[in-house]
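Dear colleague,

Please find the structure below, handed over for your files. I would be grateful if you could read the notes that follow alongside it.

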Amino acid sequence: MAAILDIRDLRKTYPDGFEALKGVNLSIEHGEIIALLGPNGAGKTTLISTVCGITNMTSGSVSVGGHDIINDYRAARSMIGLVPQEISLEPFEKVINTVRFSRGLFGKGADDALVEKVLRDLSLWDKRDSQIRALSGGMKRRVLIAKALAHEPQLLFLDEPTAGVDVELRKDMWEVVAGLKAAGVTIVLTTHYIEEAEAIADRVGVIAKGELLLVEEKQSLMARMGKKQLEVQLSEPVEAIPERLQKYDLSLKAPDTLVYTYDTRRERTGITKLLSDVSGCGLVLRDVVTRQSSLEDIFVGLVHEDADDQDTKDDAA
């Protein structure tokens, strides 16, 4: 099956010379959820804005459902739904009319049953006759999602959709996203909440300084780059790591807790020898706990690695 979104060597350079996107390549299949992680200014919003036709690309190509976004822009944009970061809604309009109007903008006929379903799925049905100005920030963000879904898009962009939303509403939105995926909608999510990517994404992309560092299946990424930590909890505190244990990658998390970091891909983890040496030092074990690296650990490591590589290039220049 052809990709629903195909981006090739996408570049965006502003008149002042700033490169917001540096040759981005990305292919997204029908029905998957991909999370784009990156710090502020990484290029996430610029990438989305370009695909949606809000920002003009400098070079490259983008197609949605096989439709080029420049040469066949009407067909391409009719397949796209966008939930932007900024809340921009008519404050005195009713919720239901706002959603109906958005559907009409795409040339879609009236469909009250669909509008009702969208509002109910987003827990907005009871607020359908409320003016936008009377809603909380979280509810206004839900209205943005409802607007984006009104014309039944096949590709939905969520640009920081849960920013400023409380934890309960955030989890409700995750359920909505899961329902959309089940209905066959492809979703591209940008987020600062690492747990959001871990909870709902099939693949994770990391973007920094306009470059897509990688795109990989979430579980595969964590297995390939994730490390584990072994916490060795002692019955009695120690002032420092014993000399006999200096050869291990150990840190002292607390006076009574040693932390050993190891790579799960290695043939031998060294745990058995470590525990033997701990006992050989006269230390008594109270408990042993393991922890898998999270996506946040991996993300931070990748961005720092990219920054270090850039510094090396700058020094060489």
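The notes below go from the whole protein to single residues.

This is a predicted model, in which local features need pLDDT of at least 70 and side-chain atom pairs count only at pLDDT 80 or more, while totals for chains, interfaces and linings use all residues. Residues are numbered from 1 along each chain as its sequence is written, and side-chain values use heavy atoms, with hydrogens and water left out.

Overall picture

The protein contains 10 helices and 14 strands; these are DSSP runs numbered from the N terminus, helices being H or I with at least four residues and strands E with at least two. Along the principal axes, the C-alpha atoms fill a box of roughly 80 × 50 × 40 Å. Of the 317 residues, 44% are buried (under 20% relative accessible area; exposed is over 50% and partly exposed lies in between, with a 1.4 Å probe and protein chains only). Of the contacts (heavy atoms within 4.5 Å) between residues at least 6 apart in sequence, 70% join residues at least 24 apart.

There are 39 positive and 50 negative side chains in the protein, counting Lys and Arg as positive and Asp and Glu as negative, without His and the chain ends. The centres of the two sets lie 3 Å apart, with each charge placed at NZ of Lys, CZ of Arg, CG of Asp or CD of Glu.

Thr 50 belongs to helix 1, which covers residues 44–51. Its relative accessibility is 2%, so Thr 50 counts as buried. Leaving aside residues up to four places away in sequence, Thr 50 touches Leu 10, Leu 21, Thr 55, Met 57 and Ile 69.

Phe 101 sits in helix 3 (residues 95–105). With a relative accessible area of 57%, Phe 101 is exposed.

Two loop residues with positive phi

Ser 123 is not a glycine, yet its phi is positive, near 55°. This residue is found in the loop between helix 4 (112–121) and helix 5 (137–149). Ser 123 is partly exposed, its relative accessible area being 42%.

Lys 209 likewise has a positive phi, near 50°, in a residue other than glycine. The loop that holds Lys 209 runs between strand 9 (203–208) and strand 10 (211–217). Lys 209 counts as partly exposed because its relative accessibility is 45%.

Yours sincerely
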